[in-house]
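Let's take a walk through the charged pairs of this protein. Keep the sequence at hand as you read.

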Amino acid sequence: MAEKTIAQGGFAVRIAILSDIHDNIWKLESVLRHVQEADALIFCGDFCAPFTLTQLAQGFKGPIHVVWGNNDGDKWLLTRNAAAAGNVVLHGELAELELGGRQLAANHYPHIARHLAESGRYAAVFYGHDHTAHIEQIGQTLLLNPGEVMGRFGRSTFAWYDTETGQAEIVEVA
């Protein structure tokens with residue numbers, strides 16, 4: 001029986017993509033109920049406070065890949081909390097990952113994400129910042145913003161990305 005792993009390519013991986021929690025821990029709690037079947041989680045920035053990172057790490061037991069947002073102010077304590085959690089990898093401003101045999105990138109800013117997607121180096125590029133859920137195909141690259149967990153503009157959303165199919169979907173959470 002083959003074991004499912006995200007450390008090596010060739011296996012289908014279901015990834016939850018989140019961004020812009022902005023300390024709305026109540027919405028985060030709702031989102032966490034929906035993403036438990038994910039093999040990995042990518043967070044595109046703006047936890048805000050370190051306790052939000054801790055809640056995410058405790059609420060999702062798989063690997064979590066994080067890029068900084070412009071509102072992640074206390075990076076020292078965020079880094080300390082990530083190390084204590086044990087399942088969080090802080091990538092800084094840009095994450096370049098291979099998951100499920102696909103090359104992926106994540107950052108916080110739309111204009112950087114667009115340039116990364118236009119490079120053609122990645123199967124998918126994920127970003128946040130503008131709080132607007134968006135899926136677009138640029139050549140062979142999927143460009144995706146999962147929207148915002150916080151629900152500031154009325155919708156609390158996250159996204160799924162499937163490495164086997166290369167397809168994504170935006171999910172609204174009540």
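The structure holds 5 salt bridges, a salt bridge being a side-chain nitrogen of Lys or Arg within 4 Å of a carboxyl oxygen of Asp or Glu. This is a predicted model, in which local features need pLDDT of at least 70 and side-chain atom pairs count only at pLDDT 80 or more, while totals for chains, interfaces and linings use all residues. Residues are numbered from 1 along each chain as its sequence is written, and side-chain values use heavy atoms, with hydrogens and water left out.

One of these bridges joins Glu37 to Arg14, with 3.9 Å between the closest N and O atoms. The pair links distant parts of the chain, 23 residues apart: Glu37 is in the loop between helix 1 (25–34) and strand 2 (40–43), and Arg14 is in strand 1 (residues 14–18). Helices (H or I, at least four residues) and strands (E, at least two) are DSSP runs, numbered from the N terminus. Glu37 is exposed, at 64% relative accessible area, whereas Arg14 is partly exposed, at 30%. Here buried means under 20% relative accessible area, exposed over 50%, and partly exposed in between (1.4 Å probe, protein chains only).

Next, look at Glu96 and Arg121, whose closest N and O atoms are 3.5 Å apart in a salt bridge. Glu96 belongs to strand 5 (residues 95–99), and Arg121 lies 25 residues away in the loop between helix 4 (110–118) and strand 7 (124–126). Glu96 is partly exposed at 44%, while Arg121 is exposed at 57%.

Finally, Glu172 and Arg155 meet in a salt bridge at 3.4 Å, N to O.
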